[in-house]
Amino acid sequence: FAKGGNAVDAACAMLGAVCTMHDVLSWGGETQALIYNPKTKKVIGLNGLGVAPTGATADFFRAKGFTYPPEYGPLSAVTPGTPGGLLTMLAEYGTMSLAEVLGPALRLAEGYPMDKETGDRIEKDKDKIKAWPYSRAVLLPHLGEEREAPHPGEIFCQADLRSTLENLLEAERLALAAGKDRKAAIYAAYDRFYRGDVAREFVRGSKEQGGLISMDDMAAWKVRIE
């Protein structure tokens, strides 16, 4: 607001910041918003809920010995909905650039003081986190010590997340340099996340850990405006 943005710009900046500060879902599977458009005098619902991958069939889970899909880990994951929800909301209803809106998230990914509540929740769940090497490397910086999670006030850094956000900003920057308008440039970042190199790395890491999300699943998912 202070920089002249509208409510959607502000909401997207907030969403990027709180997801980076490791709220419950982080940059994960769902984002929803209700947006009032004063020009049309209508409320729209933005549905950025991830979906199960196409390979997550009943037969697959039965063959693995599951009665139900597991509660934790890559086999529990849906396609990531939060990035697409934020990008679509900003492109369609915002006024600012992705670079402006994700500025706070970038700074927080570089490092912020861990709050006690989140640090304690990580400590409580550390045995589950240890099963997954990428999560363990980020969330448990004190492996082997009595408290393995970040301490309250300790600077918590997420270098890979920052790199991913920078990739999205690079896609926007290149699109703008090629003459694209604000909206198209934000959708260039969307395409890089769901169909480009970010998607490929996401799918590679998921499959390496036993997940099912494919490039087709990423490309086929879409935000619904209702």
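**Note on the predicted model: surface, cores and cysteines**

1. Three residues, Leu34, Tyr36 and Val43, make up a nonpolar patch on the surface, and their accessible area together is about 370 Å². The model under discussion is a predicted one.

2. The largest nonpolar core has 39 residues, and the members that touch the most others are Met89, Leu98 and Leu102. Which residues is Met89 in contact with, leaving aside its neighbours within four places in sequence? They are Val8, Cys12, Leu15, Ala33, Ile35, Leu46 and Gly94. There is also a second, separate core of 10 residues, and Leu108, Ile122, Leu140 and Phe156 are among them.

3. The cysteines deserve a separate point. A disulfide is a covalent bond between the sulfur atoms of two cysteines. How many disulfides does the structure hold? The number is zero. Cys12 takes part in no disulfide, since a pair of sulfur atoms must lie within 2.5 Å to count as one, and the nearest cysteine sulfur to that of Cys12, belonging to Cys19, is 11 Å away. Cys12 counts as buried because its relative accessibility is 0%. For Cys19, likewise in no disulfide, the nearest cysteine sulfur is that of Cys12. Cys19 is buried because its relative accessibility is 2%, and the limit for burial is under 20%.

4. Helix H5 spans residues 103-110, and its buried residues are Gly103, Ala105, Leu106, Leu108 and Ala109. What covers these buried residues of H5? The cover includes helix H1 (7-20), helix H4 (98-101), strand S3 (112-113), strand S4 and helix H9 (159-177). Leu108, buried in H5, is also one of the residues of the second core. Just after H5 comes Gly111, with a positive phi of about 155°.

5. The last point concerns a loop residue. His142 lies in the loop that runs between helix H8 (133-139) and strand S4 (155-156). Is His142 buried or exposed? His142 is buried, because its relative accessible area is 14%, and the cut-off for burial is under 20%. Not counting residues up to four places away in sequence, His142 touches Arg147, Glu148, Ala149, Pro150, His151 and Glu154.

Key:
Residues numbered from 1 in each chain as written. Predicted model: local features only at pLDDT ≥ 70, side-chain atom pairs only at ≥ 80, totals over all residues. Heavy atoms only, no water. Patch = residues over 30% accessible without salt bridge, like charges linked within 9 Å, V, L, I, M, F, W, Y side chains within 5 Å. Areas by Shrake-Rupley, 256 points an atom, 1.4 Å probe, with all protein chains shown as cover. Salt bridge = Lys/Arg side-chain N within 4 Å of Asp/Glu carboxyl O. Core = buried A, V, L, I, M, F, W, Y, C linked by side-chain atoms within 4.5 Å. Buried < 20%, exposed > 50% of the residue type's maximum accessible area, 1.4 Å probe, protein only. Contact = heavy atoms within 4.5 Å. Helix = DSSP H or I, 4+ residues; strand = E, 2+ residues; numbered from the N terminus.
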